[in-house]
Amino acid sequence: MSEASNAFLVVYFSRSGRTRRIAEMLASELGADVEPICERNSGGAQGRKRGYVRSLLDAWFERPADLLPALHDVSRYDVVVVASAVWASHASAPAVTWLKEHGGRIPRLALFCCVRRRGHKQALKQMMHAAGKPAVACCVVTDRDVRTRVDGVKRQAFARKIRHQLPDRFEKEGTM
Ligand SMILES: Cc1cc2nc3c(=O)[nH]c(=O)nc-3n(C[C@H](O)[C@H](O)[C@H](O)COP(=O)(O)O)c2cc1C
């Protein structure tokens, strides 16, 4: 497991790539370390067989996902952002499993969801419950936000809220 080199870590699970793209942009804006949540066997024959129905049922019944070990030690970061797609008005099963495994060691949690249209309120609540703590900041990006190009504005406002968790440190470093 690697040492923290930054104040922020962005962890994400993305199936079709939208959450990944936004998580990577956010990480770049924050100067954060970034880590995908990876399921075991997701690249092999078994993984390829996994369909949308299976993902949906996993989320709906909160079935635990079989995850690869984390690469970063979450307890060494000031804020850890966890990003997930919304599946069946739930957070994705891999993100929920990751939060149950690591949430207790996260000093400050921030949450981010990508959603077509609805279900994000329940998903965010579920993610906080899985982590066992409230989030210091939340952000939701819908398909409409992407179409109307307000996703960047939302993401930047979210990044500002996250940075504001550490006013003294950033003032000292002259990065605000
Ligand atoms: C299995 C499954 C279930 C979904 N359920 C919902 C839902 O309940 N509400 C919604 O607005 N979007 C739903 N979506 C759409 C995704 O939340 C949305 O497309 C998201 O941007 C996908 O993120 P990703 O590209 O990072 O995987 C669902 C998508 C999948 C694959």
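User: Which residues in H7 do Ile22, Met25, Leu26, Glu29 and Leu30 in H1 meet?

Analyst: Quick heads-up: this is a predicted model, where local features need pLDDT of at least 70, side-chain atom pairs count only at pLDDT 80 or more, and totals for chains, interfaces and linings use all residues. Residues are numbered from 1 along each chain as its sequence is written, and side-chain values use heavy atoms, with hydrogens and water left out. Helices (H or I, at least four residues) and strands (E, at least two) are DSSP runs, numbered from the N terminus, while contact means heavy atoms within 4.5 Å. Going by that, the partners in H7 are Arg155, Gln156, Phe158, Ala159, Ile162 and Arg163.

User: How many nonpolar, polar and charged residues are in the contact of H1 with H7?

Analyst: Ala, Val, Leu, Ile, Met, Phe, Trp, Tyr, Cys and Pro count as nonpolar, Asp, Glu, Lys and Arg as charged, and the others, Gly among them, as polar. Sorted that way, the contact of H1 with H7 has 7 nonpolar, 1 polar and 3 charged residues.

User: Is H1 oblique or roughly parallel to H7?

Analyst: The axes of H1 (residues 18-30) and H7 (residues 151-163) come within 10 Å and cross at roughly 45 degrees. Axes here are lines fitted to C-alpha atoms, for helices over the stretch in contact, and angles run from 0 to 180 degrees between N-to-C directions. Angles under 35 degrees count as roughly parallel, over 145 as roughly antiparallel, 65 to 115 as roughly perpendicular and the rest as oblique. So H1 is, relative to H7, oblique.

User: How about H4 and H5: roughly parallel or oblique?

Analyst: Their axes are 7 Å apart and the packing angle is about 30 degrees. That makes the arrangement of H4 and H5 roughly parallel.

User: Which residues of H4 and H5 make the contact?

Analyst: By class, the contact of H4 with H5 has 5 nonpolar, 1 polar and 1 charged residues. H4 brings Val96, Leu99 and Lys100, and H5 brings Gln126, Met127, Ala130 and Ala131.

User: How many of the residues of H4 are buried?

Analyst: Buried means under 20% relative accessible area, exposed over 50%, and partly exposed in between (1.4 Å probe, protein chains only). In H4, Ala93, Pro94, Ala95, Val96, Thr97, Trp98, Leu99 and His102 are buried. What covers them includes E1, H3, E3, E4, E5 and H5. H4 is mostly covered, with a tally of 8 of its 10 residues.

User: Why do the buried residues of H3 lie on the same side?

Analyst: H3 spans residues 52-60, and its buried residues are Ser55, Asp58 and Ala59. They sit on the same side of H3 because the arc they cover around the axis, taken from the directions from the helix axis to the C-beta atoms, is only 95 degrees.

User: Which exposed residues are on the face of H3 turned away from its buried side?

Analyst: On the buried side, the cover includes E3 (79-87), E4 (90-91), H4 (93-102) and H5 (120-131). The face turned away from that side carries the exposed residues Val53 and Trp60.

User: What is the relative accessibility of Glu62?

Analyst: Glu62 lies in the loop between H3 and E3. Most residues other than glycine have a negative phi. Glu62 has a positive phi, near 50 degrees. This residue counts as partly exposed because its relative accessibility is 41%.

User: Arg149 has a positive phi too, so is Arg149 buried or exposed?

Analyst: Arg149 lies in the loop between H6 (143-147) and H7, and its phi is near 60 degrees. With a relative accessible area of 71%, Arg149 is exposed.

User: What distance separates the C-alpha atoms of Gly17 and Ala85?

Analyst: Gly17 lies in the loop between E1 (8-13) and H1, and at 5% relative accessibility it counts as buried. Gly17 and Ala85 are 68 residues apart along the chain, and their C-alpha atoms are separated by 9.5 Å.

User: And which distance separates the C-alpha atoms of Phe61 and Ala93?

Analyst: Phe61 is in the loop between H3 and E3, and is exposed, with a relative accessible area of 53%. Phe61 and Ala93 are 32 residues apart along the chain, with their C-alpha atoms separated by 8.9 Å.

User: What percentage of the residues in the protein chain is buried?

Analyst: The secondary structure of the chain comes to 8 helices and 6 strands. Out of the 176 residues in the chain, the buried share is 48%.
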